[in-house]
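Subject: Structure handover and notes

Dear colleague,

Here is the structure that I promised to pass on to you. My notes on it follow below.

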Amino acid sequence: MMRRTLNAVSRVLPPRLQHFSVGEVTEDVSECAASPQITERASLYVHWPYCLRRCSYCNFNKYISKENNDHIMTKCLQMETETLLRLSQVSCITSVFFGGGTPSLAHPSIFAAILETVSRQVNLSDEAEVTLEVNPTPAGKSRLEDYCRAGVNRFSIGVQSLQDEDLKSLGRDHDSHKALQTIEEARRLCPGRVSVDVMFGRPKQTVESWEIELSELLRVCDDHVSLYQLTLERGTQLFKQVECGAVTMPSEDVTAEMYQRARKTLHQHGFQQYEVSNFARHNSVSHHNISYWKGNQYIGVGPGAHGRFARTQTLEPDVWIREVRHWGHGTRRRLQLGHLELLEEVLVMGMRMTEGINHKHWEMFSPQTGLDEVFGESIVVQELLQSGQLILDDRGLRCSWEGLALLDSILPALLVELERQISPKASQGPL
């Protein structure tokens, strides 16, 4: 469900495979129809590609390092950060997210060095949200305080499950006791700024066992929870196990019920859903992720990292390192987003949020074609409005509580209508 929604994003983020030189000022610098407040401020994602081992369900861009090349990787991450900040022409970084891979394997000094590089190039406020993904192992827990000293002020902890048997079958390198200890230490250091990732739809999992597990987690977690449905990815160990009949996954009806029960349980514990997969209380939202969903500028640094500016990164770390040393970055060039492509991205990402897309925000990207004009007269959209799945009013366009759970089936209809309304005007140039 959530993963299928994420997959829809790939339709509007096409790769381009030609290097651009460091000295080249490209058309990537400005997004069409974007206001200065969108293009001058950006969030930064930094990808650490290494893990100790690969989880059975994972097809992310991660690698098992054969040797310690942290020093080289750090220098290259600094170099690419400097290059892309200069080329993007942003003046302020509003948030930084260190993801992976397993970035909590890296020494805290690495993140301090990257943040220092950012500060030398642009404005990085003392109030900027700086998040680090943490694997809840003893090694990760022992470094939390040092990460804070390095400039990290928010942790995202990959708990995934509190069932030790499930953690083992998923290939995780922690157990539930270590996860709880890591959450406790992270909360001590960054109260109100600790997010917990938990996965549902796991093999043999039932709705009842999921509810018990989630209630247990909510007794110890902080103020942010991210729910992710486990989906089969071709080429993974789990996919092969299911394909040969060794492992059985819950049905779609069961996982849909798990999602709905989780939403209700989280609400009962004071959490507000603000995005398809994300819940927060006391306003402890992820400002970094919100910047993605609102269509703001974002820059990706590191092997395989994605950004609106310089969208496609070289995946393999050793190749990426060679390219960074030669070009100053490991980024592949893309053509400027057309007006329709930009609006598709704004639509897909914005509709993930419970607040949806307000009229003023849409107008920043499409000043001459409003939400009412694009969607108001559509028969399909009218049916979604009448069914109560979609809302279009003075606030803007958004899913209802029921509709958000069906977002993967609603988005295609909205994208078709957007293309139908915008494409005839494309020949007139950007609006």
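Which residue just after H17 takes a positive phi? That residue is Gly388, whose phi is about 85°. Before going further, please note that this is a predicted model, in which local features need pLDDT of at least 70 and side-chain atom pairs count only at pLDDT 80 or more, while totals for chains, interfaces and linings use all residues. Residues are numbered from 1 along each chain as its sequence is written, and side-chain values use heavy atoms, with hydrogens and water left out. The labels H and S stand for helices (DSSP runs of H or I, at least four residues) and strands (runs of E, at least two), numbered from the N terminus.

At the other end of H17 (residues 379–386), Ser378 caps the N-terminal end, with a side-chain oxygen 3.3 Å from the backbone nitrogen of Val380. Such a polar contact is a pair of N or O atoms within 3.5 Å, where within protein one atom must be able to donate a hydrogen and the other to accept it, and where residues adjacent in sequence count only if both atoms are side-chain atoms.

The sheets

An open sheet of nine strands runs in the order S10-S11-S9-S8-S7-S6-S5-S2-S12, and its pairing is mixed; two strands are said to pair if DSSP finds at least two bridges between them. S10 (272–275) and S12 (297–301) stand at the edges with a single partner strand each, so one side of each has no neighbour in the sheet. From one strand to the next, the twist averages 20°, and angles here run from 0 to 180 degrees between N-to-C directions, with axes being lines fitted to C-alpha atoms, for helices over the stretch in contact.

Within this sheet, S2 (residues 41–48) and S5 (residues 92–100) pair in the parallel sense over eight bridges, and Arg41 is found opposite Cys92 in S5. H3 packs on the sheet, where it touches S2, S5 and S12, and its direction makes about 150° with that of S12; contact here means heavy atoms within 4.5 Å. H8 (residues 176–189) lies across S6 (123–134), S7 (154–160) and S8 (194–200), and runs at about 165° to S7.

A further open sheet has three strands in the order S15-S17-S16, with antiparallel pairing. Its edges are S15 (357–358) and S16 (390–392), each with a single partner strand, so one side of each is left without a neighbour in the sheet. S15 pairs with S17 (residues 396–399) in the antiparallel sense over two bridges, with Asn358 opposite Gly396 in S17.

The helix pairs

Two packed helices are described by the angle between their axes and the distance between the axes. The axes of H3 (residues 70–88) and H4 (residues 108–121) come within 9 Å and cross at roughly 20°, and the two helices are therefore roughly parallel to each other. In this scheme, angles under 35 degrees count as roughly parallel, over 145 as roughly antiparallel, 65 to 115 as roughly perpendicular and the rest as oblique. The crossing of H3 and H4 is right-handed, a crossing being right-handed if the near helix is turned clockwise from the far one by less than a right angle, and left-handed if anticlockwise. Among the residues that meet are Leu77, Thr81 and Leu85 in H3 and Ile110, Ile114 and Val118 in H4. The residues of this contact of H3 with H4 divide into six nonpolar, five polar and four charged; Ala, Val, Leu, Ile, Met, Phe, Trp, Tyr, Cys and Pro count as nonpolar, Asp, Glu, Lys and Arg as charged, and the others, Gly among them, as polar.

H3 also meets H13 (residues 317–327), where the axes come within 10 Å and cross at roughly 55°, and these two helices are therefore oblique to each other. The crossing of H3 and H13 is left-handed. Ile72, Met73 and Cys76 are among the H3 residues involved, with Trp320 and Ile321 among those of H13, and by class this contact has nine nonpolar, no polar and two charged residues.

Two backbone details

The peptide bond from Gly100 to Gly101 is cis, with omega near 20°, and Gly101 is placed in the loop between S5 and H4. Gln89, in the loop between H3 and S5, has a phi near 65°, a positive value in a residue other than glycine.
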